[in-house]
Amino acid sequence: MVFSSIPFLYVYLPVVLFFYYLFPKKRKNIVLMASGFLFYAWGEPVYVFLMLFSTLLDYTAGRVMERYKENPKIRKAALLTSVIVNLSLLAVFKYSSFLIENVNALLGLDLFNPELPLPIGISFYTFQSMSYVIDLYRGDTIMQRSYISYAAYVSMFPQLVAGPIVRYDDVAAEMENRTITLEKIGDGAFLFAVGLAKKVLIANNIGPLWTTVKEAALAGTVPAASAWLGILAFTFQIYFDFSGYSDMARGMGKMLGFTFPENFDHPYTARSITDFWRRWHMTLSSWFKSYVYIPLGGNRGGTVKTIRNLLIVWMLTGLWHGASWNFLLWGLYFGVLLILEKFVLRRYLERLPAILQHGYAFLLVVFGWVFFEMETPALIGQFFRSLAGAGGLAAANSLYLLTTFALLMILCAIASGSWATALLRRADARFPRTCGVLRVVWIVLSLFLSTAFLVNATYNPFLYLRF
Amino acid sequence: MKNPRKLKAAHVSAAVFLFLIFLTPILIFAVPKPVFLEDENKERTPFPSFNLTTIRDKTFMSGFEDYAADAFPFRSEWIGLQTRLLLAMGQKEVNGVYILPDRLIQRVGEADVQKVSNSVRAINQFAARFDGATYLMLIPTAAEIYRSELPAGAPTLDEKALIDQVYAQADGLATIDAYSSLSANRDSSIYYRSDHHWTSRGAYLGYSALGSQLGFTAVPIDLFNVEHASHSFRGSSYSKVIYDGVEADTINLYSYPAGPGVTGVSIFDGREWSEHDGLYFREYLEQKDKYATFLGQNQPIITIRTDAPGDSRLLVFKDSYSHSLAPFLALHYSEVTLIDLRYLRSSFENYVDLDRYDQVLFCYNMSNFTEEDVIKFVNLEK
């Protein structure tokens, strides 16, 4: 069940909120856990038991670590058990087919490939769950005594399948004690409405442009105009899709009394790739930084080690997005760019006019999406040739795509800038009352328009659900 | 509490949001809805059955999602709004339908080469085994005839080229050119504005084109009586977009009083035969799907018997385009049998004696011809 759907918006959400608000404060975590498991079971009626298992394991690991506080060996054993089991689950369900496929191809073997379907959101919730055990081991957070509260944290429906990746410590205090006010609900509703509009009105409507171009691009080269339109459409689609989803999650978190971390900060206004990754999927980058990059030694071991660490982190980041070569390439692509910026380019970049810095970063990010979307090196190469004009400059169909999507494209470009947020902040300070009313109008309008697109939705994917 | 005014607005936000999401489920579940969605011409999805099997294979979940969407209050108004919003955003095609100022045209996708070659091979094989004469007529859709009016560069199948290509591969049968006269008469209401079918006027052109090959002389069009049976037909294209910006269509029923009369219509629905009188099923004039006035809904087999002199019989493998064509054909044959291979999964010869027929016509519009893969069933073993 995606957030942007009739059953979620008008059946699941009201029912859950009804019980959640109805239950006394001490019992709200029960509603949270039950609704989380129900939400997950709706999409994965079988794999929901996997989530039950992994929460039980990590919860127990936490208890063991606390019980044997004085015994570093047992603590370490508990940590390793939990981390190994979590990573094994990820390996089995997400990476086994890929691995077996490649081993078979490389060694000419015929090992059995179980082709297990990927449990929805497994990459998100195993990472969240691991953050608890690791932080606890390091002494960065405190143990959760109640299984219900722990399971409620992992299975919390707003962030369960698509982030933001909420670390246990981010919400540890709120798991025990949180206040729900009408004001928070109102602010949450506004955030939710913003996210819903991004997803349903923008992402879902620009998406078909890329679908059309991609279909042609898989069959051969396409005219340059179509290729550029297509990859720009995907650039906007994935941003509005994913950031819209994160906004909805944060909005619902607020309605439930939580404060989730921000996940996007106008990534397409970045001035460098380094800057881009501070603004895109921020909770994932910070997870890898805390749990991989820094433990590896970060940038404290000299240039060579820093480069090694960056490459490891970015290969993993790539693979986190999916078990295939193109995601690995995508991660490496950014790893190399980040290393270049760090050691060579930065001082030159900083001297460029701002507009060139923006252009440089945006273009490289757009090229990055080619790696993300085209599954084999051959297709990636072919698409770059299309972008360069190997399939001609434009065809009649390019013109059709341009005329039918131009307006939406302009809207996307405007809406991905940071001006709206800045404007709102200033207007809020000067005309608080008018802005308050406008917020209410916006909530109604965005629900109304989104509903029109959802009642008969033929195209309503959610890109990050695959990861 | 530094800003009490903003606080108040957030309260209103909360109240409005909660009101909307709490009210809607009541409208979905508690307000009774008709079983048939007239505007979309489809049955409303019933509530799915709830048990371990349907949960495990997730049919309960998908069924519930379809149920909630179909039972949504003011469903067709929402779809109409969606169409208007997409048009405002610059789209020219919605849900596979090009929205032109004066008509709706359904896009025909790229042909599936495999399906087309299956069909061509099946027709050739059939012609080789059938003792009488075999004919093939492929009818272009409105998307081909009004190609020049589609938005510049809009993708739609080059139906004319494909027709030529298929005809070139036809072996042991005669092919009939429907394209030329349809194209020449493009300005005279030969397709419905809101439906994917040709009108009776369009079907008449197909009938005239058939005459010279099948060996009858088409009755001149001005000898027919034309009855304007309904002026409020909104067809399948309308149902896909719920867009009332183009005029409703007229259902015209042609009759030729001087010609032979229809003595009986037998319909086989896959289980049993039933009898109908006449070619026009007028009860459909009061319903949404007014095109079904022509011989009703698609059925596996329809046999029309007439008192035409002589004893010549025609068998037609067809889609729904032939329903408005049949009244014209019935003027020249003592028996016309229409077979829809989409609805038969065993050999048609279990129900119909092929040897009784003098001529066999394969008659398909290009949308069905390229999308369906059923003509191959014509050669199933008895």
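Here are some notes on this predicted model, going through chain B and then a charged patch on chain A.

1. Ground rules. Because the model is predicted, local features need pLDDT of at least 70 and side-chain atom pairs count only at pLDDT 80 or more, while totals for chains, interfaces and linings use all residues; side-chain values use heavy atoms, with hydrogens and water left out. Residues are numbered from 1 along each chain as its sequence is written, and chains are lettered from A, with ligands numbered from 1, in the order in which they are written.

2. Chain B overall. The C-alpha trace of chain B spans about 95 × 50 × 40 Å along its principal axes. You'll find twelve helices and 15 strands in chain B (DSSP runs numbered from the N terminus: H or I of at least four residues for helices, E of at least two for strands). Of its 382 residues, 54% count as buried (under 20% relative accessible area; exposed is over 50%, partly exposed is in between, with a 1.4 Å probe and protein chains only).

3. Salt bridge K42(B)–D70(B). The structure holds 28 salt bridges over all chains (a side-chain nitrogen of Lys or Arg within 4 Å of a carboxyl oxygen of Asp or Glu). One of them joins K42(B) to D70(B), with the closest N and O atoms 3.3 Å apart. This pair links distant parts of the chain: K42(B) is in strand β2 of chain B and D70(B) in helix α3 (residues 59-70), 28 residues apart. K42(B) counts as partly exposed because its relative accessibility is 30%, whereas D70(B) is buried at 5%.

4. Salt bridge R107(B)–E93(B). Here the closest N and O atoms of R107(B) and E93(B) are 3.2 Å apart. Again distant parts of the chain are linked, with R107(B) in the loop between β5 (104-106) and α5 (113-129) of chain B and E93(B) in strand β3, 14 residues apart. R107(B) is partly exposed at 35% relative accessible area; E93(B), at 17%, is buried.

5. The side chains of R147(B) and E144(B) meet at 3.0 Å, N to O, in a salt bridge. R147(B) is partly exposed, with a relative accessible area of 31%, and E144(B) is buried at 5%. Over in chain A, salt bridges that share partners tie D265(A), D275(A), R278(A) and R279(A) into one network.

6. A buried aspartate. D340(B) sits in the loop between β14 (335-339) and β15 (359-365) of chain B. It counts as buried because its relative accessibility is 1%. Its side chain makes a polar contact with the side chain of K318(B) at 3.3 Å (N or O atoms within 3.5 Å; within protein, one must be able to donate a hydrogen and the other to accept it, and residues adjacent in sequence count only if both atoms are side-chain atoms).

7. Two asparagines to look at. N41(B) has a positive phi of about 55° although it is not a glycine, and N95(B) also has a positive phi of about 55°. N41(B) is in the loop between β1 (36-37) and β2 (42-43) of chain B, and is partly exposed at 30% relative accessibility. N95(B) lies in the loop between β3 (93-94) and β4 (97-99) of chain B, and is partly exposed at 34%.

8. Chain A helices. Which helix of chain A gives the most to the positive patch? That's α13 (residues 325-349), with three residues. K289(A), in helix α11 (residues 282-293) of chain A, is partly exposed, with a relative accessible area of 48%.
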